[in-house]
Amino acid sequence: MRDIRYTSSPLLASKTPVWRSKFIVAMLALVFIVLIARAAHVQVFGNAFFQHQGEVRFARTLELPASRGRILDRNGLLLASSVVAPSIWAIPEDVERNPAKLQQLARLLGMPMAELSKKLADEDKTFVWLKRQVDEPVARQIAELKIPGIYQRKEYKRKYPEGEAAAHVVGFANVENKGQEGAELSFEQQLAGRAGSRRVIKDRLGRVVEAVGDEVPPVDGRDIQLSIDSKVQFFAYQKLRDAVTRHKARSGSVVVLDSVTGEVLALANYPSYTPDNRRNLTGAQLRNIALTDTFEPGSTMKPITVAAALEAGRVTPQTVINTAPGSYQLDRFTIRDTHNYGALTVEGVIQKSSNVGALKISQRMKPQEMWDTYTALGYGRRPDLAFPGAATGRLKPWRGWRPVEQATMAYGYGLSASLFQMAHSYTAFAHDGQVIAATLLKSPDGAPAAGSPVFSEKTARAVRKMLQMAAGPGGTGQRAQTVGYSVGGKSGTAHKQVGKGYASNKYRAWFTGLAPIDKPRVIVAVMIDEPSNGEYFGGAVAAPVFSEVVQQTLRIMGVQPDVAVKPEIVAEQVQESL
């Protein structure tokens with residue numbers, strides 16, 4: 001073989017400048033230095049940043065939902081509870097496009113095929129909800145389809161066994177298990193619990209690769225026990241619904257209080273809604289009218305006016321008030337009774353519901369005396385009740401009262417209150433002069449509630465007697481009488497305000513009362529809004545609902561009957577002055 005002499009090549013034989021070799025070596029060294037510096041930055045100095053970036057892309061904290069606490073009635077019956085309800089989601093690009101299986105999926109989800117196709121159309125998405133909180137049997141059928149790209153997530157859904165009867169009390173929670181109305185909102189902190197968490201690594205398709213770190217278990221919410229009696233609640237709702245339908249009224253409400261403990265036994269409104277199906281509901285339908293809406297209470301305020309006068313020593317039950325000729329001119333206003341009752345005792349003023357008698361009694365008092373009594377009973381103040389949206393009502397400061405305003409307030413015009421405020425104020429009559437705090441939670445021991453004195457025991461008993469007369473023969477609330485129990489109460493009928501005036505043919509009918517008379521156990525207040533089937537007086541429209549609710553409630557409570565005679569209605573005299 002021929003020897004090759006590389007040095008004989010002119011190219012190799014030429015001398016290379018020394019600086020060029022040094023430059024190349026220096027550049028190589030610089031590259032290595034940069035690489036080492038970069039590696040040090042990534043691995044040592046900037047490690048936390050790059051670790052965070054990796055976690056942002058692939059590490060996820062999965063929420064472990066807590067089971068929401070139950071809502072129970074006073075007897076331990078369920079008003080609201082959580083059940084497992086898986087939610088269905090998908091990764092669109094992974095979904096197998098099998099027409100037959102997708103048709104079955106759409107049917108199980110209760111949606112048109114076009115809607116399902118629209119949800120799965122964007123294949124750039126890595127997550128899309130198909131339907132939240134489906135029933136477990138449906139979820140099992142979906143799982144049996146084994147469609148790639150369709151997944152499930154464990155969630156909880158609220159169930160409301162009492163339905164529309166207790167809807168305004170219990171309220172509801174949304175799809176995220178957050179309370180939105182009623183007790184669900186009021187007691188959100190106790191019911192919600194605390195969600196747990198689990199740290200995982202996911203791949204780009206959202207699948208869990210591995211768990212990292214410790215799992216934090218969820219803490220389930222606490223149960224709450226309301227003072228509501230579901231049997232009383234359902235019966236009150238049923239009788240209210242019947243009355244609203246029969247009288248072709250716009251709406252109605254009933255409040256039932258335990259006059260010993262202050263517990264709310266029932267709080268019903270009609271129309272209502274089904275908490276499990278809230279589609280197309282408006283804010284008006286969701287309002288708990290008995291607590292959130294205020295009205296002029298009409299003649300149901302007369303016993304309070306009389307009680308204030310008795311307590312101040314301005315009158316006695318037998319003081320004679322001349323109501324003739326059935327009207328009274330005050331400034332440019334004429335105040336009328338439905339009849340010319342002539343001379344009435346103070347007891348007779350309540351029994352016959354005389355506007356003229358009530359205003360003449362109020363004229364014997366100072367405005368501040370009336371205002372002090374009203375505010376002590378809770379008028380013009382927000383009820384101290386754990387419930388969202390409870391209304392304050394309207395009561396002008398006494399310094400600004402004109403004589404005609406003092407007169408009209410005596411029989412329930414010129415101020416406003418909710419039905420709940422009206423019922424609560426009557427605890428002063430039932431509790432021997434003390435107004436007691438109301439509560440939506442069951443009293444742990446059923447002990448009598450502590451009260452704040454407003455009237456003397458003598459005054460409270462005197463007013464109870466007047467209420468019994470008003471609901472008895474010759475009174476305006478005869479239809480409030482109940483088989484087996486003595487009752488007392490006051491009817492009221494108020495023209496509805498329209499703008500700055502009053503509608504001549506629109507009314508609200510009220511009845512508020514208590515039973516049994518000697519030792520009251522319950523207070524029931526009823527309001528029927530815009531009865532339009534001929535009758536509209538409170539004694540004709542609201543009093544019968546009071547009668548039925550009182551009788552059933554006392555039986556449920558195990559209260560022994562205190563009278564052996566049947567209700568006696570001697571005349572159809574159920575009208576009262578407006």
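My entries cover a helix pair, the nonpolar cores and the aromatic rings.

**Entry 1, a helix pair.** I am working with a predicted model. I began with helix 13 (residues 302-311) and helix 20 (residues 457-470), whose axes come within 10 Å and cross at roughly 145°. I noted the crossing of helix 13 and helix 20 as right-handed. On the helix 13 side I found Pro303, Val306, Ala307, Leu310 and Glu311, which meet Thr459, Ala462, Val463, Met466 and Leu467 of helix 20. Sorting the residues of this contact gave me eight nonpolar, one polar and one charged.

Which residues have the most contacts inside the largest nonpolar core? I got Ile71, Leu226, Tyr374, Tyr379 and Phe429, in a core of 88 residues. Helix 13 turned up again here, giving this core its largest share, six residues. Apart from this core I found another, of 33 residues, with Val244, Ala266, Ala471 and Ala515 among them.

I then looked up Tyr379 on its own. Leaving out residues up to four places away in sequence, I listed Met301, Ile304, Tyr374, Leu395, Ala417, Gln421, Met422 and Ser425 as touching Tyr379.

My search of the whole structure found 14 aromatic pairs. For Tyr426 and Phe429, I have ring centres 5.3 Å apart and planes at 75°; over 60 counts as edge-to-face, so that is what this pair is. Buried or exposed, I wondered about Tyr426? Tyr426 is buried, at a relative accessible area of 0%, and Phe429 is buried at 0% too. Last, I saw ring pairs link Trp89, Phe127, Trp129 and Tyr151 into a cluster.

Technical notes:
Residues are numbered from 1 along each chain as its sequence is written. This is a predicted model: local features need pLDDT of at least 70, side-chain atom pairs count only at pLDDT 80 or more; totals for chains, interfaces and linings use all residues. Side-chain values use heavy atoms; hydrogens and water are left out. Axes are lines fitted to C-alpha atoms, for helices over the stretch in contact, and angles run from 0 to 180 degrees between N-to-C directions. Helices (H or I, at least four residues) and strands (E, at least two) are DSSP runs, numbered from the N terminus. A crossing is left-handed if the near helix is turned anticlockwise from the far one by less than a right angle, and right-handed if clockwise. Contact means heavy atoms within 4.5 Å. Ala, Val, Leu, Ile, Met, Phe, Trp, Tyr, Cys and Pro count as nonpolar, Asp, Glu, Lys and Arg as charged, and the others, Gly among them, as polar. A nonpolar core is a set of buried Ala, Val, Leu, Ile, Met, Phe, Trp, Tyr and Cys residues joined through side-chain atoms within 4.5 Å. Buried means under 20% relative accessible area, exposed over 50%, partly exposed in between (1.4 Å probe, protein chains only). Rings of Phe, Tyr and Trp (its six-membered ring) pair if their centres lie within 6.5 Å; planes under 30 degrees apart count as stacked, over 60 as edge-to-face and the rest as tilted.
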